[in-house]
Amino acid sequence: MNGNIKLLYWLAFLDGIALLLLVFVAVPIKYQLDWPYGVKVLGPLHGVLFISLTLTMLWAVLKKHIQPSLGALMFFAALIPLGAFYADHRLKKAVTASNQA
């Protein structure tokens, strides 16, 4: 398996976790308990992971490791909570199918 694909798996997973923690833990704590430090940490962390995921996905598309349609799905799925996990699932499915062909 390509190292770029493994990196995409991990980035999609970590970005998904970071987004869930940000949206469902840090933001409610910020507004309900007036404690903004979770958002100050998780916001930039999610941003770095999202940008890393996007750049790695673009590189994989340019190197023809994944189809452009899968790259677009990964990008848009990473914008919504739980979407990154769906994109990770589709990536694994596509890689498995291409390995069997």
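This is a predicted model: local features need pLDDT of at least 70, side-chain atom pairs count only at pLDDT 80 or more; totals for chains, interfaces and linings use all residues.

Modeller: Residues are numbered from 1 along each chain as its sequence is written, and side-chain values use heavy atoms, with hydrogens and water left out.

Biologist: Are α1 and α4 roughly parallel or roughly antiparallel to each other?

Modeller: Helices here are DSSP runs of H or I with at least four residues, numbered from the N terminus. The axes, lines fitted to C-alpha atoms over the stretch in contact, have angles from 0 to 180 degrees between N-to-C directions. For α1 (residues 3–33) and α4 (residues 83–100), the axes come within 8 Å and cross at roughly 165°. Angles under 35 degrees count as roughly parallel and those over 145 as roughly antiparallel, and α1 and α4 are therefore roughly antiparallel.

Biologist: How many nonpolar residues has the contact of α1 with α4?

Modeller: The contact (heavy atoms within 4.5 Å) is made by I5, L8, Y9, A12, F13, D15, G16, I17 and L20 of α1, and by A84, F85, D88, L91, K92 and V95 of α4. Ala, Val, Leu, Ile, Met, Phe, Trp, Tyr, Cys and Pro count as nonpolar, Asp, Glu, Lys and Arg as charged, and the others, Gly among them, as polar. By class, this contact has 1 polar residue, 3 charged residues and, as the number asked for, 11 nonpolar.

Biologist: Which residue forms a salt bridge with D88?

Modeller: A salt bridge requires a side-chain nitrogen of Lys or Arg within 4 Å of a carboxyl oxygen of Asp or Glu, and a search of the whole structure finds 1. The closest N and O atoms of the pair are 3.4 Å apart. Its members are 4 residues apart in helix α4 and so are separated by about one helical turn. The partner of D88 is K92.

Biologist: Is D88 buried or exposed?

Modeller: Buried means under 20% relative accessible area, exposed over 50%, and partly exposed in between (1.4 Å probe, protein chains only). K92 is partly exposed at 41%. D88 has a relative accessibility of 8% and therefore counts as buried.

Biologist: What is the phi of K64?

Modeller: Most residues other than glycine have a negative phi. K64 lies in the loop between α2 and α3 (68–77) and, at 72% relative accessibility, counts as exposed. Although K64 is not a glycine, its phi is positive, at about 60°.

Notes. Helices (H or I, at least four residues) and strands (E, at least two) are DSSP runs, numbered from the N terminus. Angles under 35 degrees count as roughly parallel, over 145 as roughly antiparallel, 65 to 115 as roughly perpendicular and the rest as oblique.
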